Structure formats: structure tokens, C-alpha cells
Amino acid sequence: MQKLQGQIVDIKNKRIFKGEITIENGKIKSIEKKDHSVNHYILPGFVDAHIHIESSMLVPSEFARIAVNHGTVSTVSDPHEIANVLGVAGVNFMIDNGKQTPFKFNFGAPSCVPATSFESAGAIIDSEDIKTLMASADIKYLAEMMNYPGVLFDDEEVLKKIAWAKHFGKPIDGHAPGLRGDDLTTYISAGISTDHECFTFEEGLEKLQKGMNVIIREGSAAKNFEALIDLLPEYYENMMFCSDDKHPDDLLLGHINQLCARAVAKGIDVFKVLQAACINPVEHYNLDVGVLQVGDDADCIVVEDLRDFRTLQTYINGELVFDNGISKLESVEFENLNNFNTDRKQVSDFRFESNAEQIRVIECLDGELVTNEIIESATIQNGNLVSNTETDVLKMVVVNRYKNDKPAIAFIKNFGLKEGAIASSVGHDSHNIIAVGVSDEAICNAVNLLIDNEGGICAISNAKEKVVALPVAGIMSDQNAETIGKQYSELDKMAKQLGSKLHAPYMSLSFMALLVIPSLKLSDKGLFNGSDFKFTSLEI
């Protein structure tokens with residue numbers, strides 16, 4: 001039996017009082033008012049309402065070891081990334097690894113594997129697979145339905161997946177950036193209950209007014225907190241917080257606690273903030289996570305104050321998993337699995353014969369997943385379209401990592417590289433190799449470095465090369481969080497020394513092949529106009 005004393009934050013009843021919590025067999029046996037001199041606060045643990053654990057480059061057990069440091073006790077996790085590489089086997093890997101820790105992972109069944117028919121992934125999860133997954137107690141929901149055109153136009157396979165989620169009584173997550181009006185109404189009426197892709201206040205407001213739960217996302221690349229946070233005071237019962245994609249160096253610094261601190265600093269009522277951070281995800285997804293009520297699992301945290309939310313202790317099922325700067329969770333041994341099957345490339349593979357005067361260029365927007373299409377003058381040397389560092393129009397390639405195929409080539413603006421190249425096998429959604437550089441030679445060297453390592457992220461300069469190997473499915477590390485966080489931070493610094501102007505160059509790079517987000521993107525099959533759902537030519 002354990003007893004915790006402090007200022008008890010009862011979010012559901014909107015009150016704070018001095019009290020004592022008695023924990024027995026992992027449950028809260030009693031909560032009583034009691035006078036004492038303890039000044040810290042006890043509240044339910046934080047829940048990330050939508051995250052791809054894979055984007056932390058850590059396996060679930062290692063992610064948990066760091067997340068508890070920031071008061072996070074649970075996540076609503078879409079294993080979409082590893083599923084696009086390894087299918088159901090990848091989903092099972094995430095579940096099994098997560099079970100090696102007391103942290104409360106809640107995995108969904110990935111609804112879109114492959115994400116589109118316009119790129120090459122490593123696996124397929126069809127409606128029969130969804131049926132099997134949804135029948136499992138380990139699967140809590142149908143993960144983000146990115147194929148919103150399939151919903152709008154009654155695609156048979158899409159509707160079957162939605163039907164199986166309804167059959168098993170499990171929530172259906174949405175993904176519909178910019179969807180408005182009648183199309184949004186149709187999308188919601190299919191049974192889709194959330195969206196984490198809102199990037200304007202007006203879009204978020206319409207979705208809330210039509211009955212959707214809007215999840216405020218603030219990740220390593222996509223940052224929508226400022227655009228949406230002013231909706232929270234009125235719609236706090238239907239909003240949540242998420243990171244979606246969180247890189248390891250960022251995770252070491254903070255998690256959902258950071259969003260709570262920012263919201264409170266804006267003068268938003270602390271109970272409304274904590275409702276979104278602690279209560280709403282549990283109730284919406286029917287999670288087995290306690291919310292600091294008698295009879296609940298003892299999933300609670302002790303924080304220094306209700307301003308910065310610095311975590312002093314974290315409890316899961318009554319077990320102390322973080323205590324005053326030290327995570328009590330241990331690293332877990334596991335067996336790597338991967339799907340990497342392409343040969344080294346030649347510089348000539350990245351040549352693009354052309355005599356065009358103008359080309360279509362992807363405009364990368366810092367902090368956004370959406371891109372623009374712009375027209376720029378072509379730079380041609382010996383009949384080959386090449387990068388131009390003066391105009392910051394750089395060659396970008398996507399290389400199929402599942403088979404030997406001709407690389408796809410396009411051009412991108414706003415990466416700012418003045419030297420070398422950067423590359424990543426974290427390339428949403430199919431996780432082919434994506435690279436951008438100032439020359440074909442640099443791009444080829446970066447791509448081959450990742451092929452040699454069977455996955456990772458890297459930077460190449462005139463004088464040196466640096467790589468962070470990601471041998472687990474080509475998207476996650478087999479190292480501990482501190483090691484990978486340091487390595488990633490050093491690589492991020494090198495990319496910026498090469499000239500990158502982006503806040504998170506590798507996260508931004510990984511999304512330049514994300515076809516489900518408009519406008520212009522590059523898959524291994526070519527340049528894709530996401531607004532029109534068709535491939536488009538590079539040359540004008």
C-alpha cells in the first residue's frame with residue numbers, strides 16, 4: 001500500500017485540494033482531504049492523443065523510458081510507418097515490444113497501407129487484415145483514414161475497413177487536411193471522429209462545429225498549436241493534444257507537458273488545458289488509463305507547479321516509473337527486423353536529360369506538411385538538370401528501397417543547402433530513400449551511405465560524412481534514446497552547417513514524399529500533384 005500527499009488536481013470536478021491518495025494493488029483505493037505541508041501537485045498522467053512512435057526513431061520500449069520523464073503515461077499510437085514497411089508483422093512488433101514496459105501504449109490498426117497507389121510501399125494491409133486486427137484486444141481503434149477521397153467516393157475497400165471498426169465498436173481516426181464544406185460533412189458522417197491535420201483556425205472551428213474532435217498537433221516538423229489553441233477555451237471538451245511525429249532530440253526535452261505550459265501561459269484555464277491533455281483521450285478512445293478517481297488505475301504524476309508542469313514523479317498502475325530526474329524503466333532487448341532490398345546507385349542514375357527553360361518546383365514550408373508548387377528557371381549543365389544553390393532550387397530524389405528501380409527526380413526550394421547532401425530512409429509514408437543535395441555526386445553518395453547501412457539518416461559534405469543507422473525497419477534505432485538523441489542532434493547541426501534553413505531539416509525532408517498532404521510531392525514513381533491526385537511533369 002502506498003500513500004501520496006500533495007495538492008490533488010481533480011480535473012473532472014474542477015477542484016484542487018490538499019489531500020492524500022491511497023494506492024493498493026495498482027489502483028486508487030481512496031482520495032481523502034488531508035492537511036499537510038506538501039506543496040507539489042498530483043494529477044492524472046498526460047496522454048499523447050496521436051503519435052507515430054516510429055518517428056522518434058526509437059522502439060516503443062525506449063520511447064516509454066523517456067516519455068515518462070515528462071509525465072506521459074500513455075499514447076494513442078498509429079503504427080502506420082512500420083506497417084508500410086513490414087505489414088501486420090510490423091504492427092505486431094510494436095505491440096510486443098510495447099508490452100515489455102508498464103507504459104500504456106494503445107495501438108491502432110493502420111487503415112492506409114499502402115497510403116496511396118501512387119508510390120511503392122513494402123506491404124499491404126487489406127480489409128481482411130483490418131478485420132483480424134480489430135478483433136484483437138491489443139488494437140484500440142482504426143488509425144487515421146488518410147484516404148478521404150476513398151471515403152467521399154465510396155471506395156469498397158475503404159468502406160469495409162470502416163465497417164469492421166464499427167462492428168467491433170472501436171473509434172475511427174481521421175486525416176483530412178483542408179477538407180471543408182459538404183465534403184467534410186460526408187467524411188464525418190462515415191463515422192470518422194477526429195482530425196489532427198487542421199492547420200487554420202477556421203478549419204478547426206468548422207470541424208468542431210460539425211461534431212469532430214480536433215487534436216492540436218505540435219510535433220518536430222508540423223506545428224499547429226498557435227493556429228488552433230484559441231479554440232480550446234470554448235471547445236475544451238472536444239479537443240486533445242498530440243505530437244504526431246516527435247524526433248528523439250525533441251523528446252528528450254519534453255512532450256505533452258510543454259503544450260500544457262504554453263496553453264496556461266496564454267491565460268487558458270488550467271482545468272480546460274488538463275481536460276484536453278489527460279481526460280479527453282482516455283474517454284474518446286476508451287483507454288485503460290486512470291484519470292485520478294477512486295477505483296482507477298493509479299496512473300498519475302507529481303508536478304512542481306501548474307505553470308511549467310515540471311514532472312517530479314510518474315506512476316503507472318501504482319509503479320514509480322520516474323523519480324526526480326531518473327527513469328526507472330530499463331532498456332529492452334529485441335530482435336531487429338527490416339525490409340531493404342536495393343543495390344548501390346551510380347551518379348548517372350540521378351541525371352535528368354532536359355532542355356527546359358522552366359520547371360515545377362516543390363516549395364517546402366517550414367513547420368508545415370503542406371507544400372506549394374512554384375515555377376522556377378531551370379539550370380542545365382551538359383544537358384542535365386542540376387541544382388542551383390544561388391536560387392536555392394535543389395535536386396531531390398526518391399529511391400525505391402524495396403527493389404531496384406529508376407530513381408524519381410524533382411526540385412525543391414527552401415532547404416538552403418550550399419554544400420553536400422542530406423538523405424533519409426524515413427520517407428513518409430512508404431519510407432523509400434529521399435535525398436536532397438547540391439550535386440548529383442553528393443546525392444549519390446548520401447543515398448549509397450543509407451543503402452550500405454540498410455536504413456538511416458545522413459549528411460555528406462565535401463570533407464566528411466555522418467550517418468545515424470536505423471536498422472529496425474529502416475526507420476528506428478536499436479540504440480538507447482540518449483545515444484540516438486545525441487547522434488541525431490549532431491546530424492541536425494551538420495545539416496544546418498551545410499546551409500539548411502529549416503527548423504527540422506530531416507523531419508521536413510521525410511514529409512516531401514507524403515502524397516496524402518497537398519500540394520506538390522515526390523514519390524518513387526514521380527512528381528505528384530496532391531491537389532489533383534495525378535502525376536505531373538517536371539518540365540514546363
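This is a predicted model: local features need pLDDT of at least 70, side-chain atom pairs count only at pLDDT 80 or more; totals for chains, interfaces and linings use all residues.

**Reading the labels**

User: Why is Phe 533 called partly exposed?

Analyst: Its relative accessible area is 39%. Buried would need a value under 20% and exposed one over 50%, so Phe 533 falls in between and is partly exposed.

User: How do you know whether the size of the chain agrees with a compact globule?

Analyst: For 540 residues, a compact globule would come near 24 Å, and the chain has 23 Å, so the two agree. Along the principal axes, the C-alpha trace spans about 80 × 50 × 45 Å. Buried residues account for 63% of the 540. The accessible surface comes to about 19200 Å², with 44% of it belonging to carbon and sulfur atoms.

User: What do the contacts say about sequence distance?

Analyst: Take the contacts between residues at least 6 apart in sequence: 69% of them join residues at least 24 apart. The chain's secondary structure comes to 16 helices and 29 strands.

User: Why are S5 and S9 called edge strands?

Analyst: They belong to an open sheet of five strands with parallel pairing, in the order S5-S6-S7-S8-S9. Strand S5 (46–51) and strand S9 (172–174) each have a single partner strand, so one side of each has no neighbour in the sheet. The twist averages 25° from one strand to the next.

User: How do you know that S5 and S6 pair?

Analyst: Pairing calls for at least two bridges, and four join S5 to strand S6 (residues 72–77), so the two count as paired, running parallel. Ile 51 stands opposite Ser 77 in S6. Helix H6 (residues 156–167) lies across strand S8 (139–145) and S9, at about 150° to S8.

User: What makes S10 and S12 the edge strands of their sheet?

Analyst: That open sheet has three strands in the order S10-S11-S12, with parallel pairing. Strand S10 (194–195) and strand S12 (239–242) each pair on one side only. Strand S11 (residues 213–217) pairs with S12 over four bridges, in the parallel sense, and Arg 217 has Cys 242 in S12 as its bridge partner. Helix H8 (residues 201–209) lies across S10, S11 and S12, at about 150° to S11.

User: What makes both faces of S23 count as covered?

Analyst: Look at the residues on each side of strand S23 (residues 421–424). Ala 421 and Ala 423 on one side are buried, and so are Ile 422 and Ser 424 on the other. S23 also pairs with strand S24 (residues 433–437) over four antiparallel bridges, and another four antiparallel bridges join S23 to strand S25 (residues 456–460). Ser 424 has Ile 434 in S24 as bridge partner, while Ala 421 has Ile 460 in S25.

User: Which residues have the most contacts inside the largest nonpolar core?

Analyst: That core has 159 residues, and those with the most contacts inside it are Phe 46, Tyr 187, Phe 241, Leu 274, Phe 415 and Ile 422. Helix H13 (residues 270–285) gives the most to this core, with 10 residues. Another core, of 19 residues, lies apart from it, and Ala 423 and Cys 444 are among its members.

Key
Residues are numbered from 1 along each chain as its sequence is written. Side-chain values use heavy atoms; hydrogens and water are left out. Contact means heavy atoms within 4.5 Å. Axes are lines fitted to C-alpha atoms, for helices over the stretch in contact, and angles run from 0 to 180 degrees between N-to-C directions. A nonpolar core is a set of buried Ala, Val, Leu, Ile, Met, Phe, Trp, Tyr and Cys residues joined through side-chain atoms within 4.5 Å. Buried means under 20% relative accessible area, exposed over 50%, partly exposed in between (1.4 Å probe, protein chains only). The radius of gyration is taken over C-alpha atoms; the globule rule is 2.2 Å times the number of residues to the power 0.38. Accessible areas come from the Shrake-Rupley method with a 1.4 Å probe; for residues, only the protein chains shown count as cover.
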